[in-house]
Amino acid sequence: GAVVSQHPSWVICKSGTSVKIECRSLDFQATTMFWYRQFPKQSLMLMATSNEGSKATYEQGVEKDKFLINHASLTLSTLTVTSAHPEDSSFYICSARAPGGGYSYEQYFGPGTRLTVT
Amino acid sequence: KQEVTQIPAALSVPEGENLVLNCSFTDSAIYNLQWFRQDPGKGLTSLLLIQSSQREQTSGRLNASLDKSSGRSTLYIAASQPGDSATYLCAVNNFNKFYFGSGTKLNVKP
């Protein structure tokens with residue numbers, strides 16, 4: 001149980017275009033999902049917290065107009081990278097908090113999406 | 001802001017050795033700490049989750065300990081195998097935000 005999927009697993013796009021990444025909790029409902037990015041040989045950095053039915057909360061330094069997050073249902077959150085540039089090339093990973101509420105619950109991570117902007 | 005540090009950054013050992021990976025964090029007000037494994041170009045695999053009220057967790061050859069007051073956790077791997085080669089990340093949960101360390105890249109030589 002507690003499986004999180006991401007789609008696509010990798011994507012190549014041209015500079016200036018927009019790319020949408022989906023994050024789905026397959027066998028549980030996730031009121032809260034998280035988006036991270038990881039540059040080569042670096043650790044994961046939290047970009048934003050996505051709450052179902054409300055606006056996402058962005059970490060300091062993350063451009064909310066560039067990285068649009070939509071959490072329209074309890075099993076789906078999407079990250080859209082708008083007007084992508086080569087510096088947006090990165091590994092994007094989402095996670096979903098286990099059901100039941102509270103802060104002590106485990107997060108389950110998706111397999112990640114590798115974005116390359118040419 | 002929570003800062004998480006992992007030492008060493010890289011480790012190369014012969015097969016069969018027992019080894020310890022270290023993780024330290026600056027803010028002890030955590031809800032839990034989680035150890036992950038990441039293979040190159042892949043996502044995260046959760047290894048162990050330790051709640052703030054717990055001292056340790058075990059799974060197979062892995063044992064993780066937590067000393068919240070001193071801001072430290074260790075991951076002990078017994079009888080290492082080449083298949084254990086990967087990057088190991090620790091992450092602390094502060095108010096429902098996970099802060100990751102930079103990882104320890106482990107290479108177990110046959």
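**Note on the predicted model of chain A**

1. With 118 residues, a compact globule would have a radius of gyration near 13 Å; the value for chain A is 14 Å, which agrees. The radius is taken over C-alpha atoms, and the globule rule is 2.2 Å times the number of residues to the power 0.38. Along its principal axes, the C-alpha trace of chain A spans about 40 × 25 × 25 Å.

2. This is a predicted model, in which local features need pLDDT of at least 70 and side-chain atom pairs count only at pLDDT 80 or more, while totals for chains, interfaces and linings use all residues. Residues are numbered from 1 along each chain as its sequence is written, chains are lettered from A, and side-chain values use heavy atoms, with hydrogens and water left out.

3. Chain A contains zero helices and eleven strands. Helices (H or I, at least four residues) and strands (E, at least two) are DSSP runs, numbered from the N terminus.

4. Of the 118 residues in chain A, 49% are buried, meaning under 20% relative accessible area with a 1.4 Å probe, protein chains only. Among contacts (heavy atoms within 4.5 Å) between residues at least 6 apart in sequence, 54% join residues at least 24 apart.

5. A:T78 lies in strand 8, residues 76-81. A:T78 is buried, with a relative accessible area of 10%. Leaving aside neighbours within four places in sequence, A:T78 is in contact with A:K20, A:I21, A:E22, A:W35, A:L68, A:I69 and A:N70.

Note on methods:
Buried means under 20% relative accessible area, exposed over 50%, partly exposed in between (1.4 Å probe, protein chains only).
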